[in-house]
Amino acid sequence: MTILVTGATGNIGAQVIQHLVNRGADVRALVRDPSKTSFPAGVTVVKGDFLDVDSLRSAFDGVSTLFLLNAVVPDEFTQALIALNVARSAGIERIVYLSVIHADVYANVPHFAGKFGVERMIEQMGINATILRPAYFIQNDLTIKDVITGYGVYPMPVGDRGIAMIDVRDIAEIAALELLRREQAAQPLTRINLVGPETLTGADIAAIWSDVLGRTINYGGGDTAAFERNLKQFMPAWMAYDMRMMGERFLTDGMVPDEGDVERLTTLLGRPLRSYRDFALETAASA
């Protein structure tokens with residue numbers, strides 16, 4: 001029984017692999033360039049690309065369970081559909097797919113809409129899968145650490161509806177646990193919202209930073225046009241626009257968990273979820 005992890009060189013994929021190895025699983029990692037990777041002992045590294053169908057056929061051969069994580073790229077939707085079709089042809093019956101919370105609500109946000117299309121394929125094709133739907137990654141805020149500490153402003157367009165941000169370490173551990181659960185037995189389609197322990201507004205997050213840093217941090221994330229302009233300084237224009245659309249839905253809809261989500265995840269992990277304050281304290285301590 002072999003678990004194949006895609007997105008293996010990314011933050012979440014690498015942590016999923018480590019959790020699986022720690023629990024004695026037979027793990028295979030899909031990467032574009034094996035010469036540039038380093039994984040724990042015992043992990044089998046295979047070369048492949050989502051748009052290279054023959055490479056996927058080779059990589060998927062003999063795999064029992066697939067962790068599917070697609071990067072936010074212009075052809076993310078196509079990549080995911082190809083991977084799922086090849087997986088079905090290879091006889092893979094157990095899949096864990098990393099989607100996003102409220103993919104069905106944020107209909108005008110490109111990478112949300114793409115992930116919802118993948119969810120529809122999984123459901124309509126009768127694929128046995130766990131669809132993990134994470135909220136905003138807490139660690140995304142590492143990219144604005146200097147703005148917070150240097151300018152005294154929390155700039156993300158979180159708004160006042162609230163977002164239940166989740167730590168990527170919790171996402172990875174939950175994904176590994178779900179992969180192992182599916183590896184042990186076939187399970188029907190399941191959707192799990194991945195959220196943090198509390199729902200925070202932009203003002204709430206600014207207050208946490210103020211407390212952690214011992215000085216006033218203001219919330220300044222209401223201008224999504226300025227948000228897009230800033231993002232274009234270090235990412236492609238299409239991605240900056242995609243992120244702006246996401247930010248606008250943060251402001252109008254938020255990312256509020258369903259009743260019981262936090263309790264379900266706490267039970268699954270056997271411990272409390274990591275909080276945003278934990279992240280802020282760790283970040284401040286490492287500065």
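Colleague: Leaving aside its neighbours within four places in sequence, with which residues is S99 in contact?

Modeller: The model is a predicted one. In this model S99 is placed in the loop between strand 5 (94-98) and helix 4 (110-124). With neighbours within four places in sequence left aside, the residues in contact with S99 are K115, E119, I131, L132, R133 and P134.

Colleague: Is S99 buried or exposed, and what is its relative accessible area?

Modeller: Residues count as buried under 20% relative accessible area. S99 therefore belongs to the buried class, its relative accessible area being 3%.

Colleague: With which side chain does the side chain of S99 make a polar contact?

Modeller: E119 is among the residues in contact with S99. A polar contact joins the two side chains at 2.6 Å, and the partner of S99 is E119.

Colleague: In which sense do strand 6 and strand 8 pair?

Modeller: Strand 8 covers residues 190-194, and because 4 of its 5 residues are buried, the rest of the structure largely encloses it. Strand 6 spans residues 129-134, and its pairing with strand 8 runs over 5 bridges in the parallel sense.

Colleague: Which residue in strand 8 is the bridge partner of T130?

Modeller: The pairing of strand 6 with strand 8 comprises 5 bridges. For T130, the bridge partner in strand 8 is T190.

Colleague: Within what arc do the buried residues of helix 11 fall?

Modeller: Helix 11 (residues 276-286) has Y276, F279, A280 and T283 as its buried residues. Viewed down the helix axis, these residues line one face of helix 11, because they fall within an arc of 95 degrees.

Colleague: Which elements are included in what covers the buried residues of helix 11?

Modeller: The buried residues in question are Y276, F279, A280 and T283. Their cover includes helix 5 (145-151), strand 7 (153-154) and helix 7 (202-213).

Colleague: How many residues apart in sequence are the parts that the pair of E173 and R23 ties together?

Modeller: E173 and R23 form a salt bridge, with 3.6 Å between the closest N and O atoms. E173 lies in helix 6 (residues 168-184), while R23 lies in the loop between helix 1 (11-22) and strand 2 (27-31), so the pair ties together parts whose separation in sequence is 150 residues.

Colleague: Which class of accessibility does each of E173 and R23 fall into, buried or partly exposed?

Modeller: At 13% relative accessibility, E173 is buried. R23 has 39% relative accessibility and counts as partly exposed.

Colleague: Which residues are linked with R23 and E173 in a network of salt bridges?

Modeller: The salt bridge between E173 and R23 has its closest N and O atoms 3.6 Å apart. The network that includes both residues also links D170, R271 and R274.

Colleague: How many residues apart are E282 and R169?

Modeller: E282 and R169 form a salt bridge, the closest N and O atoms being 3.1 Å apart. E282 belongs to helix 11 and R169 to helix 6, so that distant parts of the chain are linked, and the two residues are apart by 113 residues.

Colleague: What is the relative accessible area of D49?

Modeller: D49 and R32 meet through their side chains in a salt bridge of 3.1 Å, N to O. R32 counts as exposed at 60% relative accessibility. D49 is partly exposed, and its relative accessible area is 22%.

Terms used: Residues are numbered from 1 along each chain as its sequence is written. This is a predicted model: local features need pLDDT of at least 70, side-chain atom pairs count only at pLDDT 80 or more; totals for chains, interfaces and linings use all residues. Side-chain values use heavy atoms; hydrogens and water are left out. Buried means under 20% relative accessible area, exposed over 50%, partly exposed in between (1.4 Å probe, protein chains only). A polar contact is a pair of N or O atoms within 3.5 Å; within protein, one must be able to donate a hydrogen and the other to accept it, and residues adjacent in sequence count only if both atoms are side-chain atoms. Contact means heavy atoms within 4.5 Å. Two strands pair if DSSP finds at least two bridges between them. The arc is that of the directions from the helix axis to the C-beta atoms. A salt bridge is a side-chain nitrogen of Lys or Arg within 4 Å of a carboxyl oxygen of Asp or Glu.
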